[in-house]
Amino acid sequence: MTTTTGSHRTEPSTTATEREMLDGWLDYHRATLAWKCEGLGDEQLGRTPLPPSELSLLGLVRHMAEVERYWFREIMLGEDLPELYCTREDPDGDFHFGPGDTWAEAERTWQTEVELARQAAAGRSLDLLSDAESHHRGETFSLRWVYTHMIEEYARHNGHADLLREQIDGATGD
């Protein structure tokens, strides 16, 4: 896939420390999602080209903003934060948007949450346990588990992004 804005993805070192490896793979997958969205307009990013699925690239970015916020800030730091896009009435609100919802807003929100996630993890031991319990599982988690889960979450959704992008404009690439 050819990039239009020069996005750069760097694969993590094969000899990095555990922390450097986890940071590296998470950043690699974050950059991959950005790359899959690169060069598309709001209409294309909002398309759901694989019915009956509601998946769209815009929805995936909004979803990952929610996920970054949830795991690094709500669970690890115990912050009491409102949802960004989801509500009790619409738990999949990150994938439901209207004509006023733009890529510029979603990307800004996502990048803000990524930076806040980096700050939340900075200088903390991978063995550190979360300040809050999962809303769904009622368990605490180590920072190591959160990193591993986030890498898995991005990798899974980047596979979705591959299929969506190919359906939108035929672009492929790993």
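Where pLDDT is low, the predicted coordinates should not be read in detail. The chain as a whole averages a pLDDT of 93, and 96% of the residues score at least 70.

A quick word on ground rules. This is a predicted model, so local features need pLDDT of at least 70 and side-chain atom pairs count only at pLDDT 80 or more, while totals for chains, interfaces and linings use all residues. Numbering runs from 1 along each chain as its sequence is written, and side-chain values use heavy atoms, with hydrogens and water left out.

Now, the aromatics. The structure holds 6 aromatic pairs; rings of Phe, Tyr and Trp (its six-membered ring) pair if their centres lie within 6.5 Å, with planes under 30 degrees apart called stacked, over 60 edge-to-face, and the rest tilted. Take Trp 71 and Phe 141: their ring centres are 4.9 Å apart and the planes meet at 90°, so this pair is edge-to-face. Trp 71 belongs to helix 3 (residues 57-76) and Phe 141 to the loop between helix 4 and helix 5 (143-169), so the pair ties together parts that are 70 residues apart in sequence. Helices here are DSSP runs (H or I, at least four residues), as strands are (E, at least two), numbered from the N terminus.

The cut-offs are under 20% relative accessible area for buried, over 50% for exposed and partly exposed in between, using a 1.4 Å probe and protein chains only.

Trp 71 also forms a tilted pair with Trp 145, 5.1 Å centre to centre and 50° between the planes. Because Trp 145 lies in helix 5 and Trp 71 in helix 3, this pair ties together parts that are 74 residues apart in sequence. Trp 145 itself is partly exposed, at 30%. Put together, ring pairs link Tyr 70, Trp 71, Phe 141 and Trp 145 into a cluster.

Let's move to Trp 110, which sits in helix 4. Trp 110 is buried, with a relative accessible area of 0%. Beyond its neighbours within four places in sequence, its contacts include Arg 30, Leu 33, Val 61 and Tyr 154.

Two charges are worth a look. The charged end of Lys 36 sits over the ring of Trp 35, 4.8 Å from its centre, and Arg 62 lies over the face of Tyr 85, at 3.9 Å from the ring centre. The test is NZ of Lys or CZ of Arg within 6 Å of the ring centre and within 35 degrees of the ring normal.

Last stop, the prolines. Most peptide bonds are trans, but a cis bond joins Pro 51 and Pro 52, with omega about 10°. Pro 52 lies in the loop between helix 2 (42-46) and helix 3.

Note on methods
pLDDT is the predictor's confidence in each residue, from 0 to 100. Contact means heavy atoms within 4.5 Å.
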